[in-house]
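Here's a quick tour of one protein chain, written for someone new to reading structures.

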Amino acid sequence: STKDWQQLSHQPCETSDAADLAWSANGRYLAIWDSCLTYRVVVHDAEGAHVAAYSAYQDVMGVRCGTWNPTGELLAVGSFDQVVRVLNSVTWLPLMECSHPDIVTEPLHAVVYKEASAPATGPLLSPSKALASRETCRQFVVSGLP
């Protein structure tokens, strides 16, 4: 039963709006990212202590999503500049950056999903059930190559 649970500590978060968060699979780290207007990722340990902060750029749209690898050693951060940055848990700097072009021309047999936001009460058609957020559901429809 959880009725006997109590708060052990309170830690301030160094974001202007903690838009979302993700626990590492090993339970060691908690990544918190700022609103879509600010690129800032803050990492705390399981005790709540500040471990690291990362910002790829400033003054443009920020973090879109984040997820940990199964060991909790890598954090993939997707952003509105269409780049995924893979941060390592030693230096908290990118090991790699993967960009996505605006126009996909090959392969011709590629399946393209087009994303659209819908109210949370609407249907969820998603290649991953983990894409639902508190305010909107992400909806995907199969689309042709642009």
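What you're looking at is a predicted model, where local features need pLDDT of at least 70 and side-chain atom pairs count only at pLDDT 80 or more, while totals for chains, interfaces and linings use all residues. Residues are numbered from 1 along each chain as its sequence is written, and side-chain values use heavy atoms, with hydrogens and water left out.

- Two strands pair if DSSP finds at least two bridges between them.
- Strands of a sheet pair through backbone hydrogen bonds, either parallel or antiparallel.
- Ala22 sits opposite Ala31 in E2.
- There are 5 residues between the two strands of this hairpin, and Gly27 has a positive phi near 75°.

**The chain as a whole**

- The protein chain has 0 helices and 10 strands; here helices (H or I, at least four residues) and strands (E, at least two) are DSSP runs, numbered from the N terminus.
- Reading from the N terminus, the elements go β-β-β-β-β-β-β-β-β-β.
- Out of 146 residues, 26% count as buried. Buried means under 20% relative accessible area, exposed means over 50%, and partly exposed is in between (1.4 Å probe, protein chains only).
- Take the contacts (heavy atoms within 4.5 Å) between residues at least 6 apart in sequence: 34% of them join residues at least 24 apart.

**The open sheet**

- Four strands make an open sheet in the order E5-E6-E7-E8, with antiparallel pairing.
- Strand E5 (63-68) and E8 are at the edges with a single partner strand each, so one side of each has no neighbour in the sheet.
- Neighbouring strands of this sheet are turned by 20° against each other on average, direction ignored. For such angles, axes are lines fitted to C-alpha atoms (for helices, over the stretch in contact), and the angles run from 0 to 180 degrees between N-to-C directions.
- E5 and strand E6 (residues 74-79) run antiparallel and are joined by 5 bridges.

**Salt bridges**

- How many salt bridges are there? The count comes to 2, where a salt bridge is a side-chain nitrogen of Lys or Arg within 4 Å of a carboxyl oxygen of Asp or Glu.
- Side chains of opposite charge can pair when their charged atoms come close.
- Asp81 and Arg85 form a salt bridge at 2.8 Å, N to O. Asp81 is partly exposed at 31% relative accessible area, but Arg85 is buried at 6%.
- Arg85 also has a salt bridge with Glu97, with the closest N and O atoms 3.5 Å apart. This pair links distant parts of the chain: Arg85 is in strand E7 (residues 83-88) and Glu97 is in strand E8 (residues 94-99), 12 residues apart.
- Glu97 is exposed, at 52% relative accessibility.
- Put together, Asp81, Arg85 and Glu97 are linked in a network of salt bridges.

**A buried charge: Asp34**

- Asp34 is in the loop between E2 and strand E3 (41-45).
- Asp34 is buried yet has no salt bridge, and Arg40, the nearest side chain of opposite charge, is 5.3 Å away. For charges, Lys and Arg count as positive and Asp and Glu as negative, while His and the chain ends are not counted.
- A polar atom of the Asp34 side chain lies 2.9 Å from the backbone nitrogen of Asp17.
- Leaving out residues up to four places away in sequence, Asp34 touches Thr15, Ser16, Asp17, Ala19 and Arg40.

**Loop residues worth a click**

- Which value of phi does Asp59 take? Phi of Asp59 is near 70°, a positive value in a residue other than glycine.
- Asp59 is in the loop between strand E4 (50-54) and E5, and is exposed at 76% relative accessibility.
- Gln82 has a positive phi too, near 65°. Gln82 is in the loop between E6 and E7 and is partly exposed at 36%.
- Pro101 and Gln82 are 19 residues apart in sequence and 7.6 Å apart in space, C-alpha to C-alpha.
- Pro101 is in the loop between E8 and strand E9 (112-119), and is partly exposed at 46% relative accessible area.

Notes
Polar contact = N/O pair within 3.5 Å; in protein donor to acceptor, adjacent residues only side chain to side chain.
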